[in-house]
Amino acid sequence: MGLFDIFSRKKADNLIGSIDKLLGIVDHSLLLFRDGVKNYLYRDESDFIENLTSMASLETEAGAIIREIESTLYSRGYLIRSRGDIMRLLERFDHIISIISVDLVQFEIESPNVPAGLRKEFVKLSELASLAVESTIPGTKAYFTRPGDVAETTDKVYFYEKEAVKLSQSIKRTVFHNMVNDLKLSEKFHLRYFALHIEDLAKAAVKVAEQLSVMAIKRSL
Amino acid sequence: MEAYLIIASILLAGSLPVLRDLPVVNGSILASGAGERLSIRYLWPLLMLSCLVLPFFIDYSPVSDTAAGLYLPDSTRLVLPVGLATAGASMIAGLFCRFPAVPYAFIASLAGVSLALKGSINPSTACSYILSWMAAPLLCALLAAGIYRLYAISYRNRTIHLAILDARLQGVSILASFLLLAAYSLNNSILFTYITKAAPFSGVLGACIAAGCALVLYPFMHREVSMATWDIADYDLDINTQSISSVIISMAVVFVLFSTPLPAFAGMAATPLPVGLLFIATLYGISVARQRALVHGREILKTLASSLLSPALALMFAYCLVKVMEDGSIVGTVFVLVLVSLFAGGVFFFRWQTGRDLQKQILHSREQQVYTTQKSLSALEVKAEMTEKDLLNKLDLKRKELVDFALNIGDQKKFMEQFYEDLRGVRSLPDGEEKDAKTDRLLSSLRERMYFTREINDFYARSEVLHRDFNLRLTEAYPNLTENEKKLANLLRQGFSSKYIASLMNITPKSVEINRYRLRSKLGLSRSDNLIKFIKSI
């Protein structure tokens, strides 16, 4: 940046590009997560490994983008009044990407024994959790352009999170009540643990929504 | 001597705006985020230096021309009262307000000198100044509110990314801040340049003196100025970028306006303005536009009071000082100098004492903290020691129990072996009578063993050590209990059944029941009371 490019939009455009790219990565990660869970449950190992590899590279890319955004915000004096909040929001997205990556890796390492009767429920749970996160993306974009629209998207996040929690509870109930003799206690615990991990994704989305709501209120003040 | 007087006056009258007003200009820039842009980082110091030096080379200054209507210093001897009165009045006003109106004090001190020398002040000039002093903050507040509303209206229905909006506003803020710094320096430069006009030096020499004064003051003021700057950026201007931009633009416009001859058309004067007062006015204007208070009402009142008090005091001080100096010539000057020294000493003493009190308070609170921490640490140590002691006691008891248990096993084994040998010996005896006698002896030794008196005594001794507190409390509360009753209470407290207690006390279960009944009556319990619960509650 030169001395006299006071009204230059280049850095601002770069910043917008980086934020959009990060949101794109989150969206892509969600697709990979859904696909990965499905591939694991229906024993499509080669595709599952491919999902894992793609997820690892996306995670690295997201980290680099966040660092770049942080550097632009703090060294160029952009968005000085909201940069702390924006960084917190982006870190929450980074956390979501980590949850997705860790979940897939755990599926690969621990190979939980999911009974055929529960596969559909697990796929549905992963979809609901992904939808909760997905709903935060338009909300985030709205924060930067039309803060008044943030509230509409956060409602969706809360709805999907609630549905995900309900389904997760139903899975746990089925595992512990209806499959008394089909599974060992250790297997039941293992399934509960995975349901909890997928549920965590929806909960992380709620945290993003809460952060967005606070930020939108701050912008309107 | 003349040069020294001028330098002293510049230092006195000039250091206050640097201390109190410059942080407002710099703080506004930092708050907008422009402080991290290269254009500000490198161009800002250059512009500041130019603003300090250039007024000495520019002859055109409506502010100075208007002030000439009040009084034009023609003798360097009269320069000192102007500097002293400005500094004294501003310092007094600054004791209770963050932003003393130094430029107002300066103009009023010129009026004071004029009043003392000529016996009157030009009424039209005085009126135009008073009108300007009232109009400037009002205009600033109105402008700030208007600019803020303009921003709000223009961005209300447009979908513009926050980063783009921020970048644009930052660009506007940078330009406005350059304008603000230039206009502020131009407007307030009278405080440095006007005094030097009385002296035989101006231009390069005047600029060198101003730059020299700035260099001398810098090490003393740098820390305080930067702290005040961050204070303004972080606390006063913790608002959105549109508001900060409105603050900078409105202040810059008002400074520019009142540095030109334009106010004369409205019957006002081009006058130096206090940036602090304008800053508070802009915050008030934006508060009205946003319908949210950004500044306390008390702060507004204090600033207004200070902008009234500063010129009033300066007028009075300058008048008195000139009168004393004119009437008493050298004696008068010495008297004034002594008076000023006393005043300066008083101010410094007040500040030193305040600082010392603050340090004492900090020290006291730290000592309190240390004392509280030490106290809690000692309590923790005592607790830990007690726990350790308790644990050691328990460990000792357990160890003894283990040793006793091992000894008991050995003892029992020895007894059994002996008993076995004796029994074998009895079986091999040929004589019936002798056999009977031996058998009786064996039976009696077995009976003795069965009652295991020694073990029971050991058990009681150990139980007494373990439940020492309970035994003490029981004896204290019920001194008429016998030893056996105390033993019974102890065993009941430990949860032993009547049958087990009977075997431990070598009595029948029925006797235990009778003893329990006696114990109940001695403890004063009714039928409905639970004996064990009561004993546990002791």
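Visitor: How many of the 17 residues of helix 10 of chain B are buried?

Guide: Helix 10 of chain B is mostly covered, with 15 of its 17 residues buried. A residue is buried if 20 or more other C-beta atoms lie within 10 Å of its own, exposed if 12 or fewer and partly exposed in between, with C-beta atoms placed from the backbone. The model is a predicted one, in which local features need pLDDT of at least 70, side-chain atom pairs count only at pLDDT 80 or more, and totals for chains, interfaces and linings use all residues. Residues are numbered from 1 along each chain as its sequence is written, while chains are lettered from A and ligands numbered from 1 in the order in which they are written.

Helix 10 of chain B reaches 24 Å from its first C-alpha to its last, close to the 24 Å expected at 1.5 Å a residue; the expected span is 1.5 Å times one less than the number of residues. Helices (H or I, at least four residues) and strands (E, at least two) are DSSP runs, numbered from the N terminus.

Two neighbours of helix 10 can be taken in turn. Two packed helices are described by the angle between their axes and the distance between the axes. Here axes are lines fitted to C-alpha atoms, for helices over the stretch in contact, and angles run from 0 to 180 degrees between N-to-C directions.

The axis of helix 7 of chain B comes within 8 Å of the axis of helix 10 (residues 241-257) of chain B, and the two cross at roughly 30 degrees. That angle makes helix 7 of chain B roughly parallel to helix 10 of chain B, since angles under 35 degrees count as roughly parallel, over 145 as roughly antiparallel, 65 to 115 as roughly perpendicular and the rest as oblique. Their crossing is left-handed, meaning that the near helix is turned anticlockwise from the far one by less than a right angle; clockwise would be right-handed. On the side of helix 7 of chain B the residues that meet helix 10 of chain B include B:Leu169, B:Val172, B:Ala176 and B:Leu180, and those they meet include B:Ile244, B:Ile248, B:Met251 and B:Phe255. By class, this contact has 14 nonpolar, six polar and one charged residues. Ala, Val, Leu, Ile, Met, Phe, Trp, Tyr, Cys and Pro count as nonpolar, Asp, Glu, Lys and Arg as charged, and the others, Gly among them, as polar. Residues count as in contact if their C-beta atoms, placed from the backbone, lie within 7 Å.

Helix 6 (residues 123-156) of chain B also comes within 8 Å of helix 10 of chain B, axis to axis, with a crossing at roughly 140 degrees. That angle makes helix 6 of chain B oblique to helix 10 of chain B, and the crossing is right-handed. From helix 6 of chain B, B:Leu139, B:Leu143, B:Ile147 and B:Tyr151 are among the residues that meet helix 10 of chain B, where B:Val247, B:Ser250 and B:Val254 are among their partners. This contact has 13 nonpolar, four polar and no charged residues.

Of the contacts in chain B between residues at least 6 apart in sequence, 81% join residues at least 24 apart.

Helix 7 of chain B leads on to the partner chain. The contact between the chains takes 23 residues from chain B and 21 residues from chain A. Helix 2 (38-53) and helix 7 (162-188) of chain B are the elements that give two or more residues to the side of chain B that touches chain A. The largest share of that side, eight residues, comes from helix 7 of chain B. By class, that side of chain B holds 11 nonpolar, eight polar and four charged residues.

Chain A itself contains six helices and zero strands, and 39% of its 221 residues count as buried. Helix 3 (residues 83-110) of chain A has 28 residues and spans 39 Å from its first C-alpha to its last, close to the 40 Å expected. A:Phe93 lies in helix 3 of chain A and counts as buried because it has 26 C-beta neighbours inside 10 Å. Beyond its neighbours within four places in sequence, A:Phe93 is in contact with A:Leu22, A:Val26 and A:Val208.

Conventions. Contact = placed C-beta atoms within 7 Å.
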